[in-house]
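Student: I've got a new structure open and I'd like to learn how to read it. Can you walk me through it?

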Amino acid sequence: MVVAWMRPLGVAIFLAALLFGSAPAVAQSSGSAHAQIDQAFVATHAAEADGGNVTSLVSTLNQAINLTEGADRLNATNPQGAASLYSQAYSLASDVIQKAPTVAAQGKAAVSASTTEFYGETVVLGALAVVTYFFTPMVFWRIWLRAHEGWRVKKV
Amino acid sequence: MEGEEGLIDEQVTAVVVGIILIVAGVNASNFYLANRVTEPFSELGILGPGQKIGGYPTTLVAGQGFSLYGYVGNHEGAVNYYQVLVKLGNESTQVSNSTYARAAELASYGLVLVNNQSSIFPISLSLVGPGTNQRIIFELWMFNITSSQFAYTGLWNEIWVNVTAS
């Protein structure tokens, strides 16, 4: 008798736990996915400021944003499906956060190489200007003479 | 004769040194002015169902979906995280370049764009209640790194519609 009476109560407690227990879980998942995307954007912005090419990071970030938007729409009707999308979005955003320092390091290296190249070119051009200043007349007349070596002077 | 030679020497030297200086100047300006944006700005546009300016709905049936397209462009000189908020207002809703609309939010669309990138994306909406002179307001918000929050850019658009009962 006691068992028969307790069975529907047990089912009711289980359903209540499922209902009230799952809702905060989805909400937390939603909030954490959005927060992770914000963090991923901050990391992407920093990587770009260091000179990194963030095109790939931005593409992944947009995928994560699309997933959270889909989850936001789905949340009211299908919380489980929404939770799955939030989880995927969180994972993609985490991937961006993980890759951003590498992109930043590559950017820094590229900026450093570009700066070195610029100063190298400037030194070469400066040296060329000095060489030109001192040697152009000699080189010019040597070329001129070679070009006109077959010429004869005619007295008029 | 010697004077003439000296003059030619100077002319040739001047021309060659001049060319070198021009190349050096172009090189320096490319190095220092690369990626410098003098007037940063963002763009917001709303396109009709044919992805063109025009063909916007003026009369809608309550509960029936309709499609538009949003256009966002980034010329801020850096990667940016945008959010387009779609709100439902009426004749008395206040919205300007400095004040965002205090109205019910219908939908939001987020996107990240690198500098000089633009994007066109579909907007699917459905208005629930009937009414005349309803305004679908589109606002562009941008993520602020310092405050870690979206801030209103001052860019907005709107479409006026009459919604009839289904």
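Student: In what order do the elements of chain A run from the N terminus on?

Tutor: They go α-α-α, with three helices and zero strands in chain A. Helices here are DSSP runs of H or I with at least four residues, strands are runs of E with at least two, and both are numbered from the N terminus. This is a predicted model, so local features need pLDDT of at least 70 and side-chain atom pairs count only at pLDDT 80 or more, while totals for chains, interfaces and linings use all residues. Residues are numbered from 1 along each chain as its sequence is written, and chains are lettered from A and ligands numbered from 1 in the order in which they are written.

Student: How do I describe two packed helices?

Tutor: You give the angle between their axes and the distance between the axes. Here, H2(A) and H3(A) pack at about 160°, with axes 8 Å apart. The axes are lines fitted to C-alpha atoms over the stretch in contact, and angles run from 0 to 180 degrees between N-to-C directions. The two helices are therefore roughly antiparallel, a label for angles over 145 degrees. By class, their contact has 15 nonpolar, six polar and two charged residues.

Student: Which classes are those?

Tutor: Ala, Val, Leu, Ile, Met, Phe, Trp, Tyr, Cys and Pro are nonpolar, Asp, Glu, Lys and Arg are charged, and the others, Gly among them, are polar.

Student: Which residues of H2(A) are buried?

Tutor: A residue is buried if 20 or more other C-beta atoms, placed from the backbone, lie within 10 Å of its own, exposed if 12 or fewer, and partly exposed in between. In H2(A), the buried ones are Leu57(A), Val58(A), Leu61(A), Ala64(A), Ile65(A), Leu67(A), Thr68(A) and Ala71(A). For helices in general, there are 3.6 residues a turn, so residues three or four places apart point the same way. Across the 156 residues of chain A, 23% count as buried.

Student: How many residues of chain A are in contact with chain B?

Tutor: 24 residues of chain A are in contact with 21 of chain B, where contact means C-beta atoms, placed from the backbone, within 7 Å. H1 (2-49), H2 (55-74) and H3 (79-147) of chain A each supply at least two residues of that side. The largest share, eleven residues, comes from H3(A).

Student: Over in chain B, is Ala165(B) buried or exposed?

Tutor: Ala165(B) counts as exposed, because it has 9 C-beta neighbours inside 10 Å. You'll find Ala165(B) in the segment after strand S8 (149-164) of chain B.

Conventions
Two residues are in contact if their C-beta atoms, placed from the backbone, lie within 7 Å. Angles under 35 degrees count as roughly parallel, over 145 as roughly antiparallel, 65 to 115 as roughly perpendicular and the rest as oblique.
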